[in-house]
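My entries are below, in the order I made them.

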Amino acid sequence: MINDTYRLDAEVRLRPATPGDAASFADALTRSRTYMQPWEPVRPDTFYTEQGQRERLAGILADREAGRVMPWVIADAEDRAVGGFTLSNIVLGPFCSAVLGYWVDVTYAGRGLATAAVQRICTVARNELRLHRVEAGTVLDNVASQRVLTKCGFEEFGTAPRYLHINGEWRDHRLFQRILHDGPPAG
């Protein structure tokens, strides 16, 4: 299931990220740069290029091979990446937890795709990775992302002062978690 593709609506699907996604990631991130600016770190211009995305994906995919990250994309009808989702900092053993991060191209925002993708990723995290919980954080005023998380069964469990350097300053974040199961950790 980890490497499966899931239909999110009639034209969009969730699938594992590949090195071939670099060009469409660069396009989507460039198109969405202003829209996402309030919730993203300041990035160098090279981040928004195909080469910058190729390098970023190479690192993420190496971490996937090591079991530390699971990256997915939302792909449109032409199989272009129009959103990115990751389970990162995957820790097994008694913690059995990961951190969820995601973004959706500005032209696809507001269609329920993030909610559908987060639900599917939580199912994979529980059933395939056998994680106990998934955590996510949002800047205090990212109401849309908080709405996605609460629709997907996440509960707010705290506020982290000056948690991440976002849009040029250290920003407080609301922290959310979803408990996936209460069984023992995977052996």
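**The model.** I am working with a predicted model, where local features need pLDDT of at least 70, side-chain atom pairs count only at pLDDT 80 or more, and totals for chains, interfaces and linings use all residues. I number residues from 1 along each chain as its sequence is written, and side-chain values use heavy atoms, with hydrogens and water left out.

**The sheet.** I took helices (H or I, at least four residues) and strands (E, at least two) as DSSP runs, numbered from the N terminus. I found an open sheet of 8 strands with mixed pairing, in the order β1-β2-β3-β4-β5-β6-β8-β7. Its edge strands, β1 (6–7) and β7 (155–166), each pair on one side only. I counted two strands as paired if DSSP finds at least two bridges between them. β1 and β2 run antiparallel and are joined by 2 bridges; Arg7 stands opposite Arg13 in β2. Helix α3 (residues 113–127) packs on the sheet, and among the strands it touches are β4 (81–91), β5 (97–104) and β6 (133–139). The direction of α3 makes about 30° with that of β4; axes are lines fitted to C-alpha atoms, for helices over the stretch in contact, and angles run from 0 to 180 degrees between N-to-C directions.

**Strand β6.** β5 and β6 pair in the parallel sense over 3 bridges, and Glu135 in β6 is the bridge partner of Val99. I called a residue buried under 20% relative accessible area, exposed over 50% and partly exposed in between (1.4 Å probe, protein chains only). In β6, 6 of the 7 residues are buried, so the strand is largely enclosed by the rest of the structure.

**Helix α2.** I checked the length of α2 (residues 50–65) next: its 16 residues reach 22 Å from first C-alpha to last, close to the 22 Å expected at 1.5 Å a residue. The expected span is 1.5 Å times one less than the number of residues. Which residues of α2 are buried? They are Gly52, Gln53, Leu57, Ile60, Leu61 and Arg64. Seen down the axis of α2, these buried residues fall within an arc of 155°, so they line one face of the helix; the arc is that of the directions from the helix axis to the C-beta atoms. Glu55 and Glu65 are exposed on the other side of α2. The buried residues of α2 pack against β2 (13–16), α1 (22–36) and β3 (70–75), where contact means heavy atoms within 4.5 Å. Gly67 follows α2 and has a positive phi, near 80°.

**Helix α1.** I found that α1 spans only 18 Å between its end C-alpha atoms, whereas a straight helix of 15 residues would span 21 Å at 1.5 Å a residue. α1 bends by about 35° at Thr30, the bend being the angle between axes fitted to the seven residues ending there and the seven starting there. Its buried residues pack against α2, β3, β4 and β5.

**Leu29.** Leu29 lies in helix α1 and is buried, with a relative accessible area of 4%. Leaving aside neighbours within four places in sequence, I listed its contacts as Met36, Phe47, Tyr48, Gln53 and Trp103. Leu29 and Trp103 are 74 residues apart in sequence and 9.3 Å apart in space, C-alpha to C-alpha.

**Ser145.** Ser145 lies in helix α4 (residues 143–151) and is buried, at 12% relative accessible area. Not counting residues up to four places away in sequence, Ser145 touches Tyr102 and Thr138.
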